[in-house]
Amino acid sequence: MADNWITRDNPDRLSIDRAPVRRMHAVVAFASLPLFLGALLSDLAYSSSFQVQWTNFADWLNAGGLTLAVLALVWAVLAELLSRPRHPPGRRWLHATLLAATVVLGLANAFVHAKDGWAAMPAATVLSLCVLVAAAAASVVGLTHFGRKVAV
């Protein structure tokens with residue numbers, strides 16, 4: 001019965017089997033936050049030192065954070081589609097919406113960082129800050145689960 005975790009016949013079994021999946025989603029969703037913070041700090045370092053390697057480093061950190069954010073977004077959407085609705089629709093999709101905003105802003109930030117050196121400034125720093133705020137909001141919402149019951 002490998003597909004038993006998808007069935008909705010036994011809610012107790014569903015909550016027990018999905019608890020590790022929810023915890024792992026929280027880890028993946030939260031893991032992009034330090035990478036986006038590093039990208040912002042690298043942009044700030046570049047704006048004060050003019051060493052072009054800082055923008056390259058920020059670009060790679062942003063790409064890593066963006067990869068994890070996309071994985072978390074796909075995971076959040078699948079989790080909402082496969083789970084039973086426990087909350088109003090707007091509240092259920094808030095985490096996925098914040099992750100989608102993080103991905104869109106992160107992609108825009110990657111395009112800005114693709115510019116040559118100082119041409120990316122100050123837009124890259126502003127976008128890095130926006131991406132960090134969106135990722136932090138998505139992490140807070142994802143970690144609180146809005147009162148979801150997670151089996152331990």
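Let's start inside helix 2, where Thr55, Ala58, Leu61, Asn62, Gly65, Leu66, Ala69, Ala72, Leu73, Ala76 and Glu80 are buried. Please keep in mind that this is a predicted model. The protein as a whole comes to 5 helices and 0 strands, in the order α-α-α-α-α along the sequence.

**Helix 2 up close**

- Helix 2 runs over residues 53-82, which makes 30 residues.
- From first C-alpha to last, helix 2 reaches 44 Å, close to the 44 Å expected at 1.5 Å a residue.
- Leu73, one of the buried residues of this helix, is in contact with Ala96, Leu99, Ala100 and Val103, leaving aside its neighbours within four places in sequence.

**Nonpolar cores**

- The largest nonpolar core has 19 residues, and Phe36, Ala72, Leu73, Leu99, Val103 and Leu132 touch the most other members.
- Helix 1 (11-49), helix 2, helix 4 (94-113) and helix 5 (123-144) are the elements that give two or more residues to this core.
- There is also a second, separate core of 6 residues, with Tyr46, Val112, Ala120 and Met121 among them.

**An aromatic pair**

- Searching the whole structure turns up 1 aromatic pair.
- The partners are Trp54 and Phe57, arranged edge-to-face with 6.4 Å from centre to centre and 65° between the planes.
- Trp54 and Phe57 are separated by about one helical turn because they sit 3 residues apart in helix 2.
- In general, an α-helix has 3.6 residues a turn, so residues three or four places apart point the same way.
- Trp54 counts as partly exposed, at 35% relative accessibility, and Phe57 is partly exposed too, with a relative accessible area of 42%.

**Transmembrane annotation**

- An unreviewed UniProt entry carries the annotation "transmembrane region" for residues 21-40, 60-81, 93-112 and 118-143.
- Residues 93-112 are 95% helix and 0% strand, with 29 Å between the end C-alpha atoms.

**Whole-protein figures**

- Of the 152 residues in the protein, 39% are buried.
- The accessible surface comes to about 8,500 Å², and carbon and sulfur atoms account for 72% of that surface.
- Taking contacts between residues at least 6 apart in sequence, 73% join residues at least 24 apart.

How values were computed: Residues are numbered from 1 along each chain as its sequence is written. This is a predicted model: local features need pLDDT of at least 70, side-chain atom pairs count only at pLDDT 80 or more; totals for chains, interfaces and linings use all residues. Side-chain values use heavy atoms; hydrogens and water are left out. Helices (H or I, at least four residues) and strands (E, at least two) are DSSP runs, numbered from the N terminus. The expected span of a helix is 1.5 Å times one less than its number of residues. Buried means under 20% relative accessible area, exposed over 50%, partly exposed in between (1.4 Å probe, protein chains only). Contact means heavy atoms within 4.5 Å. Accessible areas come from the Shrake-Rupley method with a 1.4 Å probe; for residues, only the protein chains shown count as cover. Rings of Phe, Tyr and Trp (its six-membered ring) pair if their centres lie within 6.5 Å; planes under 30 degrees apart count as stacked, over 60 as edge-to-face and the rest as tilted. UniProt positions are given in the numbering used here, feature names are shortened, and annotations may be inferred rather than shown by experiment. A nonpolar core is a set of buried Ala, Val, Leu, Ile, Met, Phe, Trp, Tyr and Cys residues joined through side-chain atoms within 4.5 Å.
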